There are 2 protein chains.
Amino acid sequence: MDLILGIDPGSRATGFGLVAVDGTRFRCLGAGVLRTRAGWDLAERLHRIHEGLVEVIRRHRPTAAAVENVFQARNPRSALLLGHVRGVAILAAVREGIPVFEYTPTQVKQAVVGYGRAEKGQVQHMVRLLLNLERRPPQDAADALGVAVCHANFAAGPLARAAQQAGRAP
Amino acid sequence: MDLILGIDPGSRATGFGLVAVDGTRFRCLGAGVLRTRAGWDLAERLHRIHEGLVEVIRRHRPTAAAVENVFQARNPRSALLLGHVRGVAILAAVREGIPVFEYTPTQVKQAVVGYGRAEKGQVQHMVRLLLNLERRPPQDAADALGVAVCHANFAAGPLARAAQQAGRAP
């Protein structure tokens, strides 16, 4: 069984979600949001997010981490800030010996909704259906679960097996 | 005596430099460059840079870390990449309990050369003179020493004391 940690990095709120993959069945083993406070300086935010993710990894021992890869940002300044958070998020997985995979927003939408240009709301809706969640998770947690489902489809799920059978890399 | 670790983050080469401040005297206690290989993926680069800086901090126990703050970048993509490296660099200091200070390129030039619009080469030249270095350090190490000298001037050096005497915060 694979256990995938999806991460949706953000300087105010970093979402995480754990998806267990057993054959073609997906199950959510937990999800949450690491929040930072408005008054905190950058160093404190990065520390909080990094330590929070390390704690999640140590508690659940996922077999892989999946992070959304952002190529577009509104401007260099917000890209720089997001980069800081992605950096310490990726480092949390590497430090704990977990392989890290990156997916573009289009790949996430394609994997979860089946359509690369889907609205963000559709991803959250499908995540809830796919994982059979009773309640709608917080947005950042839902996004993190979406990335985890995406990795499950690409690397550990039926799409990967179909691709392997067809002799192609997933 | 203050011991300042200056850091010049970059995804291929991250410079570091240690400057001891004793009254008005500056002394270089070491400098170097953490290099990553072209074939490495992002996670490996971040891990190498982070662990390298943690090692430097544990060996020298600096009292403060100073990192250049970049507001401008060529484009969002390079800003995002630089952000990853800055994030894991800042985290190395925070994890080891070292306070982190950030300075703009203009502040570094002002502190080292006395002119905020100085050329990059002038900073390296003045760093060598100020620290009485026999050889010219690698460029990334020189830039890191420049940021450390800047912090020394702002927070631990004669400028700060003069400011304190005058009743102003540095």
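**Confidence, then the sheet**

Tutor: pLDDT is the predictor's confidence in each residue, from 0 to 100. Helices (H or I, at least four residues) and strands (E, at least two) are DSSP runs, numbered from the N terminus. Chain A has a mean pLDDT of 88, and 89% of its residues reach 70 or more. The model scores ipTM 0.83 and pTM 0.87.

Residues are numbered from 1 along each chain as its sequence is written, and chains are lettered from A and ligands numbered from 1 in the order written. In this predicted model local features need pLDDT of at least 70, side-chain atom pairs count only at pLDDT 80 or more, and totals for chains, interfaces and linings use all residues, while side-chain values use heavy atoms, without hydrogens and water.

Now the sheet in chain B. It is open, with five strands in the order 3-2-1-4-5 and mixed pairing. Strands pair if DSSP finds at least two bridges between them. Strand 3 (25-35) and strand 5 (100-103) of chain B are at the edges; each has a single partner strand, so one side of each lacks a neighbour in the sheet. Neighbouring strands are turned by 20° against each other on average, direction ignored.

Strand 2 (residues 13-22) of chain B runs antiparallel to strand 3 of chain B, joined by ten bridges. Here Val19(B) stands opposite Cys28(B) in strand 3 of chain B.

Helix 2 (residues 76-95) of chain B lies across strand 1 (2-8), strand 2, strand 4 (64-68) and strand 5 of chain B. Contact means heavy atoms within 4.5 Å. This helix 2 of chain B runs at about 145° to strand 5 of chain B. Axes are lines fitted to C-alpha atoms, for helices over the stretch in contact, with angles from 0 to 180 degrees between N-to-C directions.
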